[in-house]
Amino acid sequence: MGRRLAAHWQLILVVLLLAGSLVVLLLNSVAAFLLPQKELEARDNLRTAAIELAAAARPFLDEIPDDATVDRTLPAPLHRNLAAETERALAKFPGLEGGFYVNGRVDQFVGFAHPDGQTPPPGRRDPPPKETPSIRQQARESLTHAVSDPPLIEVRDIGPSRVGVATAAVGDVRPARIAAWVMVRLTGPDQQRRELVRYRISTILALVGILLALGLTANLARSLQRERTRREKLTDELRKAEHLAALGRLLAGVAHEVRNPLAAIRSTVQLWQRFPDQTRTPASLDAVVTAVDRINDLVGQLLQFARAGHEERLSVDLNAIVTETLELSRAQAERQGVRIEADLASDLEPVAGSAQALRQVALNLVNNALQVMPVGGRLVCRTRSFAEGVELTVADSGPGVPADIRDRLFEPFFTTRPDGTGLGLAVCREIVTRHGGRIELVTDVLVGATFRVILPGTTAMDSGGKS
Ligand SMILES: Nc1ncnc2c1ncn2[C@@H]1O[C@H](COP(=O)(O)OP(=O)(O)O)[C@@H](O)[C@H]1O
Ligand SMILES: [Mg+2]
């Protein structure tokens with residue numbers, strides 16, 4: 001009970017561990033799977049933002065002085081206006097940073113939108129230092145293209161972060177042109193580090209979980225195997241105990257049965273002692289021999305019964321057994337004028353069991369059949385394979401079994417014959433049961449009696465049946 005409970009909890013643990021680990025692995029791969037999608041969305045956003053920013057810068061193009069030089073900053077009002085436009089245009093796109101790059105003699109970044117939305121202090125503003133060279137480079141590339149070109153978009157690793165950048169060119173060649181740039185950080189260094197740590201920890205945990213689950217499963221399989229062996233042993237012991245009990249009951253009956261012929265022998269022999277001359281007749285000698293035969297018969301049957309269940313289990317061909325049995329009975333059948341027929345399935349699968357014991361079953365059934373047809377008749381033995389295993393039927397054309405004794409046929413010592421022991425069918429049932437099969441009287445026959453034996457086939461035992 002306790003062992004089964006432990007197995008139960010182990011099973012739950014295995015399922016939980018496996019499920020948890022799989023969920024973690026799944027989440028990791030979903031995150032990896034969604035990354036390109038995130039990048040695509042960022043590209044769309046960047047394109048729109050770059051176009052809007054470029055449109056916002058257009059009116060200020062004329063204000064850029066012709067004599068702007070490399071060292072000079074833009075005139076303050078222009079600078080402020082561009083910064084304000086940047087903020088206004090980017091307000092719609094959270095997370096984006098952006099500004100303008102002015103071409104020509106003015107070579108600087110202006111109007112850099114501060115990420116936290118503060119108004120940028122007047123003066124020169126650049127993107128974060130690591131990104132600056134790349135964005136400057138991309139702005140230059142963008143300006144060498146025609147004005148109508150769509151924004152130039154690139155996603156690349158800059159320093160420890162991965163950023164998406166879009167640049168759009170504004171204005172004509174005269175006197176200077178503006179490149180509007182926007183940027184989004186897809187992953188920053190901190191975020192990347194955190195994600196990496198999380199990814200590593202979760203993957204390691206998931207792998208440990210799977211390993212643990214595997215270990216537990218192996219353990220569980222072992223304990224289940226042990227449990228099964230234990231149960232098999234128990235079943236076996238139970239079967240033996242049952243057999244012993246049946247044997248005990250039988251023995252009591254036999255003791256009783258043996259007493260009658262013994263008493264007959266004793267009284268006859270006593271008579272011989274007292275009146276040797278008058279009583280030693282051939283008839284009395286015959287009576288003693290018959291009584292001894294009867295005891296011998298009983299003991300023989302008893303041995304059959306005791307042996308059932310202790311034979312080795314081999315692959316047995318039931319057809320061969322039937323053929324042998326019929327061969328043995330042929331002379332007797334001929335004397336009685338009984339016609340013997342055998343209808344044996346050619347594809348009969350073998351049964352696992354003892355040939356000797358099964359031969360006894362066939363012989364008992366055939367003997368019974370012959371005994372009820374003293375003046376001729378027909379005896380048919382049939383075998384066939386079916387889903388449950390194999391079937392043997394022994395049918396005769398005798399008087400059949402009266403309905404009122406059908407329930408008692410297989411009881412030990414039940415007999416209707418004066419010289420019967422009543423053990424034949426009991427032994428049959430004992431043997432067939434030991435083989436995992438069953439024996440029954442077929443009740444829906446028109447003529448005579450038919451007994452059916454069903455035994456599990458060797459393949460039926462392995463695979464649970466075949467058609
Ligand atoms: N083929 C049969 N036809 C009719 N009755 C049968 C047949 N086989 C068995 N019986 C009945 O079952 C009884 C028990 O049979 P069995 O156990 O073989 O003991 P026994 O043959 O010693 O009588 C028989 O006495 C008989 O009444
Ligand atoms: Mg019999």
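This is a predicted model: local features need pLDDT of at least 70, side-chain atom pairs count only at pLDDT 80 or more; totals for chains, interfaces and linings use all residues.
In the model, residues 217-244 are 100% helix and 0% strand, with end C-alpha atoms 40 Å apart.

Turning to the fold as a whole, the protein has 10 helices and 12 strands. Of its 467 residues, 41% are buried, and among contacts with a separation of 6 or more, 70% are made by residues 24 or more positions apart.

Helix α6 covers residues 282-307, and its 26 residues should span 38 Å at 1.5 Å a residue, which agrees with the 37 Å between its end C-alpha atoms. Which residues of α6 are buried? They are Ser-284, Val-288, Ala-291, Ile-295, Leu-298, Gln-301, Leu-302, Gln-304 and Phe-305. An α-helix has 3.6 residues a turn, so residues three or four places apart point the same way. The partners against which the buried residues of α6 pack are the helices α4 (189-274), α5 (276-279), α8 (355-371) and α9.

Gln-191 is placed in helix α4. With a relative accessibility of 26%, Gln-191 counts as partly exposed, and, once its neighbours within four places in sequence are left aside, Gln-191 is in contact with Lys-38 and Leu-186. The C-alpha atoms of Gln-191 and Ser-161 are 8.9 Å apart in space, while the two residues are 30 apart in sequence.

The aromatic side chains give a count of 1 aromatic pair. This pair is formed by Phe-410 and Phe-451, whose ring centres are 6.2 Å apart and whose planes stand at 80°, so the arrangement is edge-to-face. Because Phe-410 lies in the loop between β10 (389-396) and α9 (424-434), whereas Phe-451 belongs to strand β12 (residues 450-455), the pair ties together parts that are 41 residues apart in sequence. Phe-410 counts as buried at 11% relative accessibility, and Phe-451 is likewise buried, with a relative accessible area of 8%.

The loop between β10 and α9 also holds Phe-413. The phi angle of Phe-413 is near 70°, which is a positive value in a residue other than glycine. Elsewhere in the chain, the charged end of Arg-384 sits over the ring of Phe-386, at 5.1 Å from the ring centre.

A disulfide is a covalent bond between the sulfur atoms of two cysteines. In this model the count comes to 0 disulfides, where the cut-off for such a pair is a distance between cysteine sulfur atoms within 2.5 Å. Cys-381 counts as buried at 2% relative accessibility, and Cys-428 is buried too, with a relative accessible area of 0%.

The accessibility values given above for single residues are gathered here.

| Residue | Relative accessibility | Class |
|---|---|---|
| Cys-381 | 2% | buried |
| Cys-428 | 0% | buried |
| Phe-410 | 11% | buried |
| Phe-451 | 8% | buried |
| Gln-191 | 26% | partly exposed |

Technical notes
Residues are numbered from 1 along each chain as its sequence is written. Chains are lettered from A and ligands numbered from 1 in the order in which they are written. Side-chain values use heavy atoms; hydrogens and water are left out. Buried means under 20% relative accessible area, exposed over 50%, partly exposed in between (1.4 Å probe, protein chains only). Helices (H or I, at least four residues) and strands (E, at least two) are DSSP runs, numbered from the N terminus. Rings of Phe, Tyr and Trp (its six-membered ring) pair if their centres lie within 6.5 Å; planes under 30 degrees apart count as stacked, over 60 as edge-to-face and the rest as tilted. A charge sits over a ring if NZ of Lys or CZ of Arg is within 6 Å of the ring centre and within 35 degrees of the ring normal. The expected span of a helix is 1.5 Å times one less than its number of residues. Contact means heavy atoms within 4.5 Å.
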